[in-house]
Amino acid sequence: MLPTPSTSHVDTDRIYEPAEDSFLFLDTLSSAAQISFFKARFGLGRDHDSQNSSPLIVEIGIGSGVILAFVTAHVKTLFGRSDILSLGVDINHYACRASAQTVISACQDTSGADLFLTSLEGDLASALRPGSVDVLIFNPPYVPTSEVPQLVNTATSPAKEDDLNEGMEKALDKNSQMLSLSYAGGIDGMEVTNRLLDQLPSVLNAERGVAYILLCKQNKPAAVAERIQRWGAEWKADVVGWSGKQGGWEKLQVLRISRTRR
């Protein structure tokens with residue numbers, strides 16, 4: 001069993017704490033079936049030199065960084081090669097800082113620290129170059145809520161001493177908002193995921209790009225899979241991980257989205 005990266009430094013008042021969904025990702029990505037998939041899709045010695053270039057792994061909504069740290073620290077085991085690059089993206093700047101520390105710390109005993117580029121502050125895949133991502137990982141805010149929270153801007157300090165209490169309240173509100181952004185998914189828990197799905201065809205590498213997205217029962221995963229299959233005959237959506245059956249339904253699922261290799 002591959003070790004789980006430490007996240008003891010993460011401020012869980014501002015950043016999503018690793019939970020069942022995070023650990024489902026670790027189990028799924030390190031399963032024998034996924035390791036075989038990775039090595040077949042990204043292994044060295046393929047026929048086309050262009051497909052031997054270093055793959056880029058991106059986690060959207062990196063949070064604590066535990067998933068990307070796990071993958072980066074164990075690339076040799078998972079992919080059969082050690083030249084993979086990794087990158088995190090999160091709208092929460094506290095998560096960007098903490099996740100970078102998580103990845104670097106997890107890679108101290110491997111060459112993985114040199115493979116980690118950075119954690120970018122950004123909105124989903126908007127900061128990424130089209131066709132650049134080989135493996136995209138997304139543990140989204142999937143809990144159904146009445147709305148998706150908006151980030152509160154508290155960058156400006158109180159102008160007067162009398163405003164200190166108001167400033168404290170705004171800071172606490174911002175912490176709460178940042179944390180809620182990590183789990184509140186809006187209608188059917190899919191508002192954020194739907195936006196990311198819209199970006200997938202353009203951001204994934206056209207030849208070998210693959211995405212892993214977590215869904216819960218309320219997200220209607222069968223409907224999500226049908227939507228992806230309507231993108232074209234070359235697209236596939238496979239459930240490759242699951243956890244906690246409830247009434248015959250998997251409580252959580254990891255959906256793998258890929259194109260058929262040309």
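## Contacts and overall make-up

Among the contacts in the protein chain (heavy atoms within 4.5 Å) with a separation of 6 or more, 81% are accounted for by residues 24 or more positions apart. This is a predicted model, in which local features need pLDDT of at least 70 and side-chain atom pairs count only at pLDDT 80 or more, while totals for chains, interfaces and linings use all residues. Residues are numbered from 1 along each chain as its sequence is written, and side-chain values use heavy atoms, with hydrogens and water left out.

The protein chain holds eight helices and seven strands, taken as DSSP runs (H or I of at least four residues for helices, E of at least two for strands, numbered from the N terminus). Of its 262 residues, 49% count as buried, meaning under 20% relative accessible area, with exposed over 50% and partly exposed in between (1.4 Å probe, protein chains only).

## Packing of α7 and α8

The axes of α7 (residues 191-203) and α8 (residues 221-229) come within 12 Å and cross at roughly 20°, where axes are lines fitted to C-alpha atoms over the stretch in contact and angles run from 0 to 180 degrees between N-to-C directions. That makes α7 roughly parallel to α8, a term for angles under 35 degrees.

In this pair, N194, L197 and D198 of α7 meet V224, R227 and I228 of α8.

## Positive phi values

Most residues other than glycine have a negative phi. L124, in the loop between β3 (116-121) and β4 (135-138), has a positive phi near 50° and is buried at 8% relative accessible area. D188, in the loop between α6 (164-180) and α7, has a positive phi near 60° and counts as partly exposed at 34% relative accessibility.

Conventions:
Angles under 35 degrees count as roughly parallel, over 145 as roughly antiparallel, 65 to 115 as roughly perpendicular and the rest as oblique.
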